[in-house]
Amino acid sequence: MENNKIKVSVIMPVYNSGEYLKTAVDSILSQSLKEIELILVDDGSTDGSAERCDEYAAKDSRVVVIHQKNGGICNARNAALKIAKGEYIGFSDHDDEYVPGYLEHAYNAAIFNNADLVKVGKREYIIQGNKVLRIKQSNLPSRVYHQEDIKKEYFDLVNSDELDCLWDALFRRSIIFNNSIWLDERFRNGGEDIDFIQRILRYTDTFVTINKIYYKHYIRKGFSISAKFNPEKIQAKKIIIFDIENNIKYWSIDLNQYKFDYTYLLLRQYIAPICSLYSNEGCKLSLKEKKDKIHAIKAESFFFEFCNRQDIRKIFQKSKKYGLLYFLFKYGFYGLILKMYLRRSKNA
């Protein structure tokens, strides 16, 4: 396929994907938008996935394969980004699924609105073995945001499901290359999606959301890295908060006008995940050490004085879950927080 005919490059890191690779790849190659390339990055697979990637390339000229030593998902995505030729860039995990019509609808919306970023709805399946434990669906509004809208509604956007993943989006390739926005390879245990989107957002003049479910994401308990404890995740969460702070400064957002919104964002994007991580049974710190770690959040540079002085009732009205967390965190009931999150993880 000639370079100038590639409308979308889809990037898929592949690492020991087993039986799931076929469904993932077929869902992309069967899309109604045919002017695409699929870049499969074999990231040091040892289960035969590398050979399956080559088989797809032999059958379909739109498939490009990169073989490399295992470097992690960010490294694999960056390797593909460097050779991608599409006008827009899409992503997929090696065990997920595109819904028919996704690429055509999203690409047409991007062209019609001259958009730098397009987001679609997603459905997430929590799976253990062959059993679906829970299904979560994210329905986005049909909306066109310009940069002034992004600035005005920034806190709502961050706290929604609109800016949390890469694989439910198309990105204008030139925005990525012109501003050297690559996946941060320090992220090896999740969080790279939010970091990437936060950094690209300031260069996004037009952002479109589509009110249709087009992506199926599968979280396999015991398989997904998101289910395991790793202290690097804590640093990853901190990097994301610094990304958010940089955007607040870039757009000159006056936090005096958004004290509640900022506090709620911090509660949702940092405090809650950190408490959840320390409650994980894989965390071997003592109870006292865990409580001290949670208390230390209040000494972070991004935890402003006003963050500890918000109206608890107002947070409860927005979310009972976060309202309870805020109450316990504000008054130092860290042991109860740990018990609460441990119970939730067992019931998830």
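**Entry 1: Phe303 and Phe329.** I looked up Phe303 and found it buried, with a relative accessible area of 10%. The model is a predicted one. I then checked Phe329, which is also buried, at a relative accessible area of 0%.

**Entry 2: aromatic pairs.** I recorded 26 aromatic pairs in the structure. I examined Tyr154 and Trp251, whose rings lie 5.3 Å apart centre to centre with 65 degrees between the planes, an edge-to-face pair. I located Tyr154 in helix H6 and Trp251 in the loop between helices H9 and H10; the two residues are 97 apart in the chain. I noted both Tyr154 and Trp251 as buried.

I returned to Phe303 and Phe329: their ring centres are 5.9 Å apart and their planes stand at 70 degrees, so this pair is edge-to-face. Phe303 belongs to the loop between H11 and H12 and Phe329 to helix H13, so the pair ties together parts 26 residues apart in sequence. I also found a cluster in which ring pairs link Tyr98, Tyr102, Trp167, Tyr214 and Tyr215.

**Entry 3: helix H1.** I listed the buried residues of H1 (residues 20–29) as Leu21, Ala24, Val25, Ser27, Ile28 and Leu29. I found these packed against strands E1, E2, E3 and E5 and helix H2.

**Entry 4: H1 against H2.** I noted an angle of about 25 degrees between H1 and H2, with the axes 11 Å apart. H1 is therefore roughly parallel to H2. I recorded the crossing as right-handed. On the H1 side I found Leu21, Lys22, Val25, Asp26 and Leu29, which meet Ser49, Arg52, Cys53 and Tyr56 of H2. I sorted the residues of this contact into five nonpolar, one polar and three charged.

Terms used: Residues numbered from 1 in each chain as written. Predicted model: local features only at pLDDT ≥ 70, side-chain atom pairs only at ≥ 80, totals over all residues. Heavy atoms only, no water. Buried < 20%, exposed > 50% of the residue type's maximum accessible area, 1.4 Å probe, protein only. Helix = DSSP H or I, 4+ residues; strand = E, 2+ residues; numbered from the N terminus. Contact = heavy atoms within 4.5 Å. Axes fitted to C-alpha atoms, helices over the stretch in contact; angles between N-to-C directions. Parallel < 35°, antiparallel > 145°, perpendicular 65-115°, else oblique. Left-handed = near helix turned anticlockwise from the far one by under 90°. Nonpolar A, V, L, I, M, F, W, Y, C, P; charged D, E, K, R; others polar. Phe/Tyr/Trp six-rings, centres within 6.5 Å; stacked < 30°, edge-to-face > 60°.
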